[in-house]
Amino acid sequence: MASMAALFTKTPYPPLSHHKIPNTHFAPALKVYIPFSSGRKPHRRLRVSSGLIEPDGGKLVELLVDEPLRDVKKREALSLPRVGLSRIDLEWVHVLSEGWASPLRGFMRENEFLQTLHFNALRLQDGSAVNMSVPIVLAIDDSQKHRIGRSTKVALFDSDNNPVAILKDIEIYKHPKEERIARTWGTTAPGLPYVDEAITHAGNWLIGGDLEVIEPIKYCDGLDRFRLSPAELREEFTKRNADAVFAFQLRNPVHNGHALLMTDTRRRLLEMGYKNPILLLHPLGGYTKADDVPLSWRMKQHEKVLEDGVLDPETTVVSIFPSPMHYAGPTEVQWHAKARINAGANFYIVGRDPAGMSHPVEKRDLYDADHGKQVLSMAPGLERLNILPFKVAAYDKTQGKMAFFDPSRPQDFLFISGTKMRMLAKNKENPPDGFMCRGGWEVLVDYYDSLVPASNGKVPEAVPA
């Protein structure tokens with residue numbers, strides 16, 4: 001069985017050209033009216049059509065500098081006021097540079113920030129709107145603001161002091177942290193992972209502007225070959241003659257219940273009349289909280305799932321989604337869905353409590369488990385995306401495999417939670433046969449085994465992906 005690296009061949013993709021629009025982040029948009037009525041029926045009729053869905057705004061916005069100009073831009077960056085980037089900031093530069101947030105052309109200015117916080121959408125110049133539920137912003141502190149002074153440009157540098165990008169036509173405005181946290185997460189309770197990592201200790205100012213990214217963002221972690229941009233994914237789907245693309249995001253190991261959902265989705269699309277639906281298996285590759293399984297281990301596990309034939313390599317594209325994780329529930333899942341439109345997906349699989357987490361203080365889930373899929377079915381700017389809610393899958397003891405839950409015989413089903421799965425793996429115990437392919441389970445056991453205290457009694461510290 002082919003490895004994941006052989007599932008696709010990366011080929012050069014010609015950069016898209018963009019027309020300059022004064023004082024805006026947005027590329028020209030198609031004239032599309034997007035109503036904001038909340039009375040719309042939650043289940044839209046699905047249409048069979050050929051060709052890939054168009055990116056938000058009608059054009060994929062890529063922000064990489066053309067190769068012949070890169071040395072010039074590096075020299076220019078060395079002459080500008082500098083802003084240092086955190087790991088999460090760099091991940092957002094990556095997201096923006098490849099067009100995942102199209103039609104955004106850079107870090108948000110204040111009007112875009114406020115629209116995102118209060119409307120979960122951005123209004124384009126022609127009156128149409130696109131979904132945008134998560135602020136993509138860059139924070140600076142008082143001393144950085146002072147050093148920038150009256151400059152209209154700044155250079156963005158990574159932690160190794162390499163120039164990454166130029167931010168031009170900048171706007172600096174207050175960073176309303178409490179408002180941002182309350183609107184994004186629906187709570188200001190202490191202990192929200194992304195807030196602790198990227199907001200609480202960030203600067204009190206935000207700087208927005210148009211990005212010129214000097215070189216493609218690379219992490220040199222052995223996984224860059226899986227980080228396909230939206231343009232590269234669209235090229236791959238076209239090469240495979242896909243007439244439908246259904247995206248499945250995950251930040252956990254794949255078990256046979258997930259595989260059942262994905263294979264059943266393809267069956268349903270074939271019954272609808274599509275000829276060649278392609279699965280985009282799209283693990284999140286940016287920041288995750290420290291107790292999540294790290295990306296490198298998840299990718300090893302996904303590779304075993306494909307090698308063991310649980311998913312068909314001929315109809316599956318595995319790629320890494322570079323966005324950081326917020327754990328912001330129904331607000332964040334809109335971002336996850338919107339970004340996949342820009343990658344060419346016209347179907348999005350959503351399950352229980354997408355992008356959710358346990359309440360950081362109280363013993364309960366932070367979000368209602370059904371709200372994510374309900375919100376996606378009504379969200380402004382996502383009307384073109386077909387939302388496919390999960391069927392509930394559980395371990396059927398009578399069949400010895402994962403199956404869709406049958407409420408008429410609940411006694412026959414075993415629900416294995418993520419907590420239970422982790423406990424079994426930590427204890428090197430096997431789950432019931434048919435829960436996860438053996439190769440995938442062995443990778444999970446190996447990961448938790450790597451966290452066993454060393455001879456000095458210290459447990460290796462989990463590092464956020």
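Here is a short walk from the whole chain down to single residues.

**Whole protein.** Keep in mind that this is a predicted model. Start with everything selected: the cartoon holds 13 helices and 15 strands. Of the 465 residues, 55% count as buried. As for contacts with a separation of 6 or more, 78% are between residues 24 or more positions apart.

**First stop: a loop.** Select residues 121-123 (β2) and 129-131 (β3), then look in the loop between them for Ser128. Is Ser128 buried or exposed? Its relative accessible area is 3%, and buried means under 20%, so Ser128 counts as buried. Show side chains here: those of Ser128 and Asp126 are joined by a polar contact of 2.7 Å.

**Second stop: a hairpin.** Now select 153-157 (β5) and 163-174 (β6), two strands that pair antiparallel over five bridges. At one spot in this pairing, Phe157 stands opposite Pro163 of β6. Five residues lie between the two strands, and in this hairpin Asn161 takes a positive phi near 65°.

To find one of the pairs, click Tyr173 and look across to Leu206 in β7, its bridge partner. While you have side chains on, remember that in a regular strand they alternate between the two faces of the sheet.

Note on methods. Residues are numbered from 1 along each chain as its sequence is written. This is a predicted model: local features need pLDDT of at least 70, side-chain atom pairs count only at pLDDT 80 or more; totals for chains, interfaces and linings use all residues. Side-chain values use heavy atoms; hydrogens and water are left out. Two strands pair if DSSP finds at least two bridges between them. Helices (H or I, at least four residues) and strands (E, at least two) are DSSP runs, numbered from the N terminus. Buried means under 20% relative accessible area, exposed over 50%, partly exposed in between (1.4 Å probe, protein chains only). Contact means heavy atoms within 4.5 Å. A polar contact is a pair of N or O atoms within 3.5 Å; within protein, one must be able to donate a hydrogen and the other to accept it, and residues adjacent in sequence count only if both atoms are side-chain atoms.
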